[in-house]
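Subject: Handing over the structure, with notes

Dear colleague,

I am passing on the structure that you asked to take over, and my notes on it follow below. Please read them with the structure open beside you.

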Amino acid sequence: MRGGVLVTGAGTGLGLEIALTLAARGFAVYASVPEAGQRPAVEEAAAQRGVTVQTPLLDVTDPANGEAVVRTIAMSDEGLFAVVHNAGVSLRGYFEDCDDAEIRRVFEVNFFGALAVTRAALPHLRAARGGRLVFITSIGGRIASMARTAYCASKFALGG
């Protein structure tokens, strides 16, 4: 094994593909999912590829949950080598059509969630004297779209 990698938001799409690719390349992958119902699909996809991944439950908006997941990985035989921040949500709508709670939810997941998991991981990466942090953002973080203001703003923030 090449080291433990936590992939947030690995239940579907790009996060799942990242997790499976890293597992195929010899990393001990922790393909985190925000809901237990996503675990079977992740495990089935891994089996189809002939790889193994762990599927911890991780709500990136819950700092205590993030700390516990990161600590578990860091204390494993492989240790924590990297965190791939892929967890994210989108919100369609013009600014005036979105209420504050919707906008705050987008920022909680897309921006503050990544910061919280990073804050939990940094002491372990520093103690290991190495490691990687990867932040998955979007073209929406560079070129805004009128009908996706909250999403684009959160990705601008993450890119910064």
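Is Cys 152 buried or exposed? Cys 152 counts as buried, because its relative accessibility is 3%, where buried means under 20% relative accessible area, exposed over 50% and partly exposed in between, with a 1.4 Å probe and protein chains only.

Before going further, please note that this is a predicted model, in which local features need pLDDT of at least 70 and side-chain atom pairs count only at pLDDT 80 or more, while totals for chains, interfaces and linings use all residues. Residues are numbered from 1 along each chain as its sequence is written, and side-chain values use heavy atoms, with hydrogens and water left out.

Cysteines

A disulfide is a covalent bond between the sulfur atoms of two cysteines. Searching the whole structure gives zero disulfides, the criterion being a pair of cysteine sulfur atoms within 2.5 Å. Cys 98 is in no disulfide, and the cysteine sulfur nearest to it, that of Cys 152, is 11 Å away. Seen from Cys 152, the closest cysteine sulfur is the one in Cys 98, and 11 Å is too far for a bond. Cys 98 also counts as buried, because its relative accessibility is 11%.

The cavity and the residues around it

The whole structure holds one cavity of 30 Å³ or more, and the volume of the largest cavity is about 50 Å³. On a 1 Å grid over the protein atoms alone, a cavity is a set of points where a 1.4 Å probe fits but cannot get out, whereas a pocket is an open set with protein on both sides within 12 Å along at least five of seven lines, and lining residues have an atom within 4 Å of a point. Grid points are joined across faces, edges and corners, and a volume is the space filled by probe spheres set on the points.

Among the residues that line the largest cavity are Thr 8, His 85, Ala 114 and Val 117. Helix 4 gives the most to this lining, with five residues; helices (H or I, at least four residues) and strands (E, at least two) are DSSP runs, numbered from the N terminus. By class, the lining of the largest cavity divides into six nonpolar, five polar and no charged residues, where Ala, Val, Leu, Ile, Met, Phe, Trp, Tyr, Cys and Pro count as nonpolar, Asp, Glu, Lys and Arg as charged, and the others, Gly among them, as polar.

Two of these lining residues deserve a description of their own. His 85 belongs to strand 4, residues 80-85, and counts as buried because its relative accessibility is 3%. The side chain of His 85 makes a polar contact of 2.8 Å with that of Thr 118, a polar contact being a pair of N or O atoms within 3.5 Å, of which, within protein, one must be able to donate a hydrogen and the other to accept it, and for which residues adjacent in sequence count only if both atoms are side-chain atoms. Val 117, which is part of helix 4, is buried at 1% relative accessibility. Beyond residues up to four places away in sequence, Val 117 touches Leu 6, Val 60, Val 70, Val 83 and His 85, where contact means heavy atoms within 4.5 Å.

The largest pocket has a volume of about 400 Å³. It is lined by 27 residues, of which Gly 9, Asn 86, Ala 87, Gly 88 and Val 89 are the closest to its centre. Helix 1 (13-24), helix 4 (100-127) and helix 5 (149-159) each supply at least two residues of the lining of the largest pocket, and that lining has ten nonpolar, 13 polar and four charged residues.

From the end of helix 4 onwards

Leu 125, in helix 4, is buried, with a relative accessible area of 7%. The C-alpha atoms of Leu 125 and Leu 80 are separated by 6.9 Å, although the two are 45 residues apart along the chain. Arg 129 lies in the loop between helix 4 and strand 5 (132-135), where it is exposed at a relative accessible area of 79%. Arg 129 has a positive phi of about 60°, although it is not a glycine.

With best wishes
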